[in-house]
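Colleague: I am new to this structure and would be grateful for a close look at one part of it. Please begin with a single residue and then set its surroundings in the context of the chain.

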Amino acid sequence: MSLNTRTTYLESELVSGFMTEHAAVIFVFFFLAEYASIVLICILASILFLGGYLFNIMPLVYLVQFFDFDFWLDLTNNGRDTYVILDTVIEGLFYGLSLGFKSCALIFTFIWVRASFPRIRFDQLMSFCWTVLLPIVIAFVILVPCILYSFEIIPSNISLF
């Protein structure tokens with residue numbers, strides 16, 4: 001998130017920064033590409049880390065029992081068996097809305113965090129990663145297996161010794 005293409009707000013970049021030499025259409029394409037990459041990253045993150053289109057259906061089951069969906073299905077039946085078709089359409093609609101809601105929540109969080117925090121220069125970011133984050137990661141790589149071994153909660157059935 002810290003290496004996005006947002007420009008810095010310096011005095012020399014008040015006009016449009018590095019985009020001053022581009023025309024309006026190219027300027028729009030640059031920013032559309034930036035936001036398209038945000039949307040793509042958030043959709044991939046929701047698929048990979050939030051379960052994608054999967055949705056816990058039980059809260060909707062309690063909500064749906066108060067509505068008479070049989071009335072709406074009878075209006076569209078017309079003597080044919082459209083229950084299967086409407087069930088798959090409603091299921092696909094729920095899946096699409098679930099993925100869309102998760103992606104929109106990630107996009108909102110991404111833009112909110114990006115607007116709330118100041119932009120960090122690249123040298124400050126690299127210094128922070130090498131001096132703070134790397135020692136923490138190395139400590140966790142050593143600490144977590146030691147804790148798992150000392151409390152005998154190794155998450156596999158393979159004997160180490």
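**An aromatic pair and its setting**

Modeller: Trp112 is exposed, with a relative accessible area of 53%. Exposed here means over 50% relative accessible area, buried means under 20%, and partly exposed lies in between, with a 1.4 Å probe and protein chains only. The model is a predicted one, in which local features need pLDDT of at least 70 and side-chain atom pairs count only at pLDDT 80 or more, while totals for chains, interfaces and linings use all residues. Residues are numbered from 1 along each chain as its sequence is written, and side-chain values use heavy atoms, leaving out hydrogens and water.

The partner of Trp112 is Phe108, and the two form a tilted aromatic pair with 5.5 Å between centres and 40° between planes. Rings of Phe, Tyr and Trp (its six-membered ring) pair if their centres lie within 6.5 Å; planes under 30 degrees apart are stacked, over 60 edge-to-face, and the rest tilted. Phe108 is likewise exposed, at 54% relative accessibility. Because Phe108 and Trp112 are four residues apart in helix 4, about one helical turn separates them. The structure holds two aromatic pairs.

Arg114 also belongs to helix 4 (residues 83-116). Its side chain forms a salt bridge with Glu34, the closest N and O atoms being 2.8 Å apart. This pair links distant parts of the chain, since Glu34 lies in helix 1 (residues 24-49), 80 residues from Arg114. Arg114 and Glu34 are both buried, whereas Trp112 is exposed. A salt bridge requires a side-chain nitrogen of Lys or Arg within 4 Å of a carboxyl oxygen of Asp or Glu, and two are counted by this rule. In the salt bridge of Asp123 and Arg121, the N to O distance is 3.1 Å. Asp123 is partly exposed, with a relative accessible area of 45%.

Helices (H or I, at least four residues) and strands (E, at least two) are DSSP runs numbered from the N terminus. Of the 161 residues, 13% count as buried.
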